[in-house]
Amino acid sequence: TTMLRDKDLCVETTAKGITVRVLTLSSKTYLVIPDFIMPGVGVYMKYDQQINPTIGDASGARYVKSENVTVDGEELVCETYELDDGTVSKYYFKEGKWVMLSVTENGETTTQKVLEIKKGVDDSKFSLKGLVDISSKK
């Protein structure tokens, strides 16, 4: 799940019962495991790599082209945009509905399926309150 709130970003995933979030808050990035110690008692640590909180934002990008493509056997329309730094964003649509985003930045491509778009976010996902800071102290 990807959530945007103003310029902050929360990317949350759950695998094998463990939920992990990557948060970008005020240009600082954190790795969060909300239920690390026990349910309701989590940890976070500062993450050295900056995450670009502009997922899905094509402002400032140049339109490159639109084309019909086949992805996993589905016919989609792909709109391609490029930023001045060379980042390429591809937006995929099926019958006018946004279904996928692919971003290539510094030679690495990240693809996300868009399962649902809705207004509003859960503000608690953007908070470090109540979590234990396990960042190494230097």
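Which residue in S9 does Lys94 stand opposite? Lys94 faces Lys97 there, and that pair is a handy way into this predicted model. Local features are reported only at pLDDT of at least 70, and side-chain atom pairs only at pLDDT 80 or more, while totals for chains, interfaces and linings use all residues. Residues are numbered from 1 along each chain as its sequence is written, and side-chain values use heavy atoms, with hydrogens and water left out.

**Strands and hairpins**

- Strands here are DSSP runs of E with at least two residues, numbered from the N terminus, and two strands pair if DSSP finds at least two bridges between them.
- Strand S7 (residues 74-82) runs antiparallel to strand S8 (residues 88-94), with six bridges joining them.
- Within that pairing, Thr80 has Lys90 of S8 as its bridge partner.
- Five residues separate S7 from S8 in their hairpin, and Gly86 in the turn has a positive phi of about 95 degrees.
- S8 is also joined to strand S9 (residues 97-105), by seven bridges, and these two strands run antiparallel.
- The S8-S9 hairpin has two residues between its strands, and in this turn Glu95 has a positive phi of about 50 degrees.
- As background, side chains in a regular strand alternate between the two faces of the sheet.

**Salt bridges**

- Eight salt bridges are found in the structure, each defined as a side-chain nitrogen of Lys or Arg within 4 Å of a carboxyl oxygen of Asp or Glu.
- Glu12 takes part in a salt bridge with Arg21, where the closest N and O atoms are 2.6 Å apart.
- Both Glu12 and Arg21 are buried; that label means under 20% relative accessible area, with exposed meaning over 50% and partly exposed lying in between (1.4 Å probe, protein chains only).
- Glu12 forms a salt bridge with Lys125 as well, and here the closest N and O atoms are 3.2 Å apart.
- Because Glu12 sits in strand S2 (residues 8-15) and Lys125 in the loop between strand S10 (108-113) and strand S11 (132-133), the pair ties together parts that are 113 residues apart in sequence.
- Lys125 is buried, as is Glu12.
- Arg62 and Asp84 meet through their side chains in a salt bridge of 2.8 Å, N to O.
- Arg62 belongs to strand S6 (residues 62-71) and Asp84 to the loop between S7 and S8, so this pair ties together parts 22 residues apart in sequence.
- Arg62 is partly exposed, at 41% relative accessible area, whereas Asp84 counts as exposed at 72% relative accessibility.
- A network of salt bridges links Arg5, Asp8 and Asp123.

- Thr29 is found in strand S4 (residues 28-38) and counts as buried because its relative accessibility is 4%.
- The side chains of Thr29 and Thr24 are joined by a polar contact of 3.5 Å, meaning a pair of N or O atoms within 3.5 Å; within protein, one must be able to donate a hydrogen and the other to accept it, and residues adjacent in sequence count only if both atoms are side-chain atoms.
- Phe36, Ile37, Met38, Met45, Val132 and Ile134 make up a nonpolar surface patch with about 560 Å² of accessible area together.
- Such a patch joins nonpolar side chains (Val, Leu, Ile, Met, Phe, Trp, Tyr) within 5 Å, from residues with over 30% relative accessible area and no salt bridge; areas come from the Shrake-Rupley method with a 1.4 Å probe.
- S4 supplies the largest share of the patch, three residues.
- Met38 lies in S4 and is partly exposed, with a relative accessible area of 48%.

How values were computed
Helices (H or I, at least four residues) and strands (E, at least two) are DSSP runs, numbered from the N terminus. Patches are made of residues with over 30% relative accessible area and no salt bridge: like charges are joined within 9 Å, nonpolar side chains (Val, Leu, Ile, Met, Phe, Trp, Tyr) within 5 Å.
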